[in-house]
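Please examine the structure shown below together with its sequence. The explanation that follows is meant to be read with both in view.

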Amino acid sequence: MRPGLSIAEQQELVARVRRGDAAAFERLFRAYYTPLVHFAVHIVGTLPEAEEVVQRVFVNIWRNRAAWAPHVSVAAYLYGAVRNEAVKYSQRRPPAVPLEEAAEMACDRPHPDQQLVGNDLTELIERLIQELPEQRRLIFTLSRDHGLTYAEIAQSLGISIKTVETQMGRALRQLRERLQAWLNVAP
């Protein structure tokens, strides 16, 4: 889902946006809006909220365009800004489900065989991804769903590349182990 803009095109768009070029801003918006919304859904949980988060990020960029100077790739900047805005958004809203009720729901997990009968493999994998610890899930999603490099992920989340590599390795191992358990396949 990574937009097909080269680094040179990204830098040119940033320069044009800084000068107030609305057409360049629209091109940037159209190139990144959908993948950023898909990314934000993993943090805030619903499509309307994700759209609101991404729109806030773009509005802030436009309002502060003269000073906008991403020190990383545009993709890394946008994913980092959306992540930060989505986390702030999530912290401001009350939980949709009371914690006690959420804990009960987590204990009511159906047997793995029943789960496989009721869901296809894609749904199962998506759920397992959602069960990853937050940072691990974000790193996995940025890499696999949005096509960011480890360096871009590190820049957007403000962590080292080594941390990204470690978390990706743990995410893949955790998903593999859970899938084996769900599928009842010997390792």
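The model is a predicted one. Its secondary structure consists of 10 helices and 0 strands, and the order along the sequence is accordingly written α-α-α-α-α-α-α-α-α-α. The protein has 187 residues, of which 36% are buried.

A pair of aromatic rings is described by two quantities, the distance of the centres and the angle of the planes. The structure contains 6 aromatic pairs. In one of them, the ring centres of phenylalanine 25 and phenylalanine 58 lie 5.9 Å apart and the planes stand at 75 degrees. Planes over 60 degrees apart count as edge-to-face, so this pair of phenylalanine 25 and phenylalanine 58 is assigned to that class. Phenylalanine 25 belongs to helix H2 (residues 22-44) and phenylalanine 58 to helix H3, so the pair ties together parts that are 33 residues apart in sequence. Phenylalanine 25 and phenylalanine 58 are both buried.

Phenylalanine 25 also forms an aromatic pair with tryptophan 62, with 4.9 Å from centre to centre and 50 degrees between the planes, and this pair is tilted. Here too the pair links distant parts of the chain, since phenylalanine 25 is in helix H2 and tryptophan 62 is in helix H3, 37 residues apart. Tryptophan 62, with a relative accessible area of 25%, is partly exposed. Arginine 65 lies over the face of tryptophan 62, at 4.0 Å from the ring centre. Taken together, ring pairs link Phe25, Phe29, Tyr33, Phe58 and Trp62 into a cluster.

Which of the elements gives the most to the lining? That element is H4, with 5 residues. Sorted by class, the lining of the second largest pocket comprises 6 nonpolar, 3 polar and 2 charged residues.

Helix H3 also contains leucine 47. This residue has a relative accessible area of 45% and is partly exposed. Leucine 47 and valine 37 are separated by 10 residues in sequence and by 7.3 Å in space, C-alpha to C-alpha.

Is histidine 146 buried or exposed? Its relative accessible area is 0%, so histidine 146 is buried. Which groups does the side chain of histidine 146 reach? With the side chain of tyrosine 79 it makes a polar contact at 2.8 Å. The side chain of histidine 146 also reaches the backbone nitrogen of phenylalanine 39, at 3.4 Å.

Notes:
Residues numbered from 1 in each chain as written. Predicted model: local features only at pLDDT ≥ 70, side-chain atom pairs only at ≥ 80, totals over all residues. Heavy atoms only, no water. Buried < 20%, exposed > 50% of the residue type's maximum accessible area, 1.4 Å probe, protein only. Polar contact = N/O pair within 3.5 Å; in protein donor to acceptor, adjacent residues only side chain to side chain. Helix = DSSP H or I, 4+ residues; strand = E, 2+ residues; numbered from the N terminus. Nonpolar A, V, L, I, M, F, W, Y, C, P; charged D, E, K, R; others polar. Phe/Tyr/Trp six-rings, centres within 6.5 Å; stacked < 30°, edge-to-face > 60°. Lys NZ or Arg CZ within 6 Å of the ring centre and 35° of its normal.
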